[in-house]
Amino acid sequence: MRGARIGIVGDYDPGYMSHRETGAALEDSGRRLGIRVEYEWVATDAVSVGGTGALRDFDGLWAAPGSPYRSLEGALAAICFARERGVPFFGT
């Protein structure tokens, strides 16, 4: 079975329903497409401090809802990373 790794760039908060449902939405989409979807949350402040190297292993990036982010700089760096490298990107 084919697979895809998705990096969810955002600051996970279980109090946001959209954050709690993001993984389920990705898994459901994968089932419908016949692919295995793995995902990982990447905190915006981790990107701003550690750089975009952690984003290289993902097949696509999703900018999660829920601003203000802890680091707008980290969120924008992830967006630029995807745009400059042709990585599929979804923003909500």
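1. A patch, as used in this note, consists of residues with over 30% relative accessible area and no salt bridge, in which like charges are joined within 9 Å and nonpolar side chains (Val, Leu, Ile, Met, Phe, Trp, Tyr) within 5 Å. A salt bridge is a side-chain nitrogen of Lys or Arg within 4 Å of a carboxyl oxygen of Asp or Glu. Accessible areas come from the Shrake-Rupley method with a 1.4 Å probe, and for residues only the protein chains shown count as cover.

2. The model is predicted: local features need pLDDT of at least 70 and side-chain atom pairs count only at pLDDT 80 or more, while totals for chains, interfaces and linings use all residues. Residues are numbered from 1 along each chain as its sequence is written, and side-chain values use heavy atoms, with hydrogens and water left out.

3. On the surface, Leu72, Leu76, Ile79 and Phe89 form a nonpolar patch with about 340 Å² of accessible area together. Helix α3 (residues 72–85) contributes the largest share, 3 residues; helices (H or I, at least four residues) and strands (E, at least two) are DSSP runs, numbered from the N terminus. Leu76 lies in this helix α3 and is partly exposed, at 45% relative accessible area. Here buried means under 20%, exposed over 50%, and partly exposed in between (1.4 Å probe, protein chains only).

4. The open sheet is formed by 4 strands in the order β2-β1-β3-β4, with parallel pairing. Its edge strands are β2 and β4 (89–91), each pairing on one side only. Neighbouring strands are turned by 20° against each other on average, direction ignored. Two strands pair if DSSP finds at least two bridges between them; axes are lines fitted to C-alpha atoms, for helices over the stretch in contact, with angles from 0 to 180 degrees between N-to-C directions.

5. Strand β1 (residues 3–9) has 5 of its 7 residues buried and is therefore largely enclosed by the rest of the structure. β1 pairs in the parallel sense with β2 (residues 36–42) over 7 bridges, and Arg5 has Glu38 as its bridge partner in β2. Towards β3 (residues 60–63), which runs parallel to β1, there are 4 bridges; in β3, Leu61 is the bridge partner of Gly7, and Ala63 stands opposite Val9.

6. A right-handed β-α-β unit is made by β1, helix α1 (residues 17–33) and β2. Right-handed means that, with the strands pointing away from the viewer, the path from the first strand over the helix to the second runs clockwise.

7. Val49 is found in helix α2 (residues 44–50) and is exposed, with a relative accessible area of 74%.
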